Amino acid sequence: NTRAPVSWGTRIERAPKVYNPLLETLSLMTATLSGTISTQTSPGQVPSGCPLICRFMDRVVLAGAEVAPHVWYMSRQGYPLDWDYSQEDVQTAIAGTASAAGVPGEGITALVPHSDDYLILGCRNSLWRMRGDPASGGQLDCISHAVGIIGPKAWCLTPDGILVFLSLDGIYGMLPGGDTFPQAMSRPM
């Protein structure tokens, strides 16, 4: 009875990639200095293991990592490769755990950017709305503790801006603005 050796402390995770259409190459997204901050000595590190990605307020947003499913991360505004959280300006890269906006109470299953007006963070059993830039007074508010989005591709925006998504108990719709409670669309009235 022999056992394979156990490796402690090793974890292999996926990382965001960048596609270059001119060279037809795919490479790991690597943090680089933005060049705008004279005191910046490190570009930080691109979060790995995050299956969710979107663009919001000229930032790259990552979320849903297995090790911290409730945490979201944002690159420096205007510089998608700058992940230095140590800067103190309003464009700095920011992580939800270090933000006054906070993080949802459960794992994030979907990121739904609605232009730069707001970002919906869908969880399995709840919906959260981020308004404004979290590095500059933005807020994260709960829209529902009863309805959520079941997965990263279980939503769409209609041409009218209505968010339609699949929840655990059916299809829901939410009017633009993110201020209304989601309405059931798949149940008989």
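1. Phe-165 and Tyr-172 are both buried; buried means under 20% relative accessible area, exposed over 50%, and partly exposed in between, with a 1.4 Å probe and protein chains only. This is a predicted model: local features need pLDDT of at least 70, side-chain atom pairs count only at pLDDT 80 or more, and totals for chains, interfaces and linings use all residues. Residues are numbered from 1 along each chain as its sequence is written, and side-chain values use heavy atoms, with hydrogens and water left out.

2. How are the rings of Phe-165 and Tyr-172 arranged? A pair of aromatic rings is described by the distance of the centres and the angle of the planes. Rings of Phe, Tyr and Trp (its six-membered ring) pair if their centres lie within 6.5 Å; planes under 30 degrees apart count as stacked, over 60 as edge-to-face and the rest as tilted. By this rule the count is 1 aromatic pair. The centres of Phe-165 and Tyr-172 are 5.9 Å apart and the planes are at 15 degrees, so the pair is stacked.

3. Next, the strand S12. Helices (H or I, at least four residues) and strands (E, at least two) are DSSP runs, numbered from the N terminus. Two strands pair if DSSP finds at least two bridges between them. Strand S11 (residues 155-157) is joined to S12 by 3 bridges, and the two run antiparallel. Trp-155 has Phe-165 in S12 as its bridge partner. The hairpin of S11 and S12 has 5 residues between the strands, and Gly-161 there takes a positive phi near 85 degrees.

4. S12 also pairs with strand S13 (residues 170-174), in the antiparallel sense, over 5 bridges. Ser-167 stands opposite Gly-170 in S13. The hairpin of S12 and S13 has 2 residues between the strands.

5. Is Cys-156 buried, partly exposed or exposed? Cys-156 is partly exposed, with a relative accessible area of 39%. Its place is in strand S11. Contact means heavy atoms within 4.5 Å. Leaving aside neighbours within four places in sequence, Cys-156 is in contact with Ile-162, Leu-163 and Val-164. Cys-156 and Leu-166 are 10 residues apart along the chain, and their C-alpha atoms are separated by 9.5 Å.

6. Another sheet deserves a look. It is open, with 4 strands in the order S3-S4-S5-S6 and antiparallel pairing. Strand S3 (52-56) and strand S6 (94-95) stand at the edges, each with a single partner strand, so one side of each is left without a neighbour in the sheet. Strand S4 (residues 59-65) and strand S5 (residues 68-74) are joined by 4 bridges. Ala-65 stands opposite Ala-68 in S5.

7. Now the charged pairs. A salt bridge is a side-chain nitrogen of Lys or Arg within 4 Å of a carboxyl oxygen of Asp or Glu. By this rule the count is 7 salt bridges. One of them joins Asp-133 to Arg-59, with the closest N and O atoms 3.1 Å apart. Asp-133 lies in the loop between strand S9 (127-131) and strand S10 (139-144), and Arg-59 lies in strand S4, so the pair ties together parts that are 74 residues apart in sequence. Asp-133 is buried at 7% relative accessible area. Arg-59 is buried at 1%.

8. Asp-141 and Arg-129 meet in a salt bridge of 3.3 Å, N to O. Asp-141 is in strand S10 and Arg-129 in strand S9, 12 residues apart. Asp-141 is partly exposed at 28% relative accessible area, whereas Arg-129 counts as buried at 11%.

9. Asp-179 and Arg-131 also meet in a salt bridge, at 2.4 Å, N to O. Asp-179 lies in the loop between S13 and strand S14 (183-184), and Arg-131 in strand S9, so the pair ties together parts that are 48 residues apart in sequence. Asp-179 is exposed at 59% relative accessible area. Arg-131 is partly exposed at 29%. Salt bridges that share partners join Arg-129, Arg-131, Asp-141 and Asp-179 into one network.
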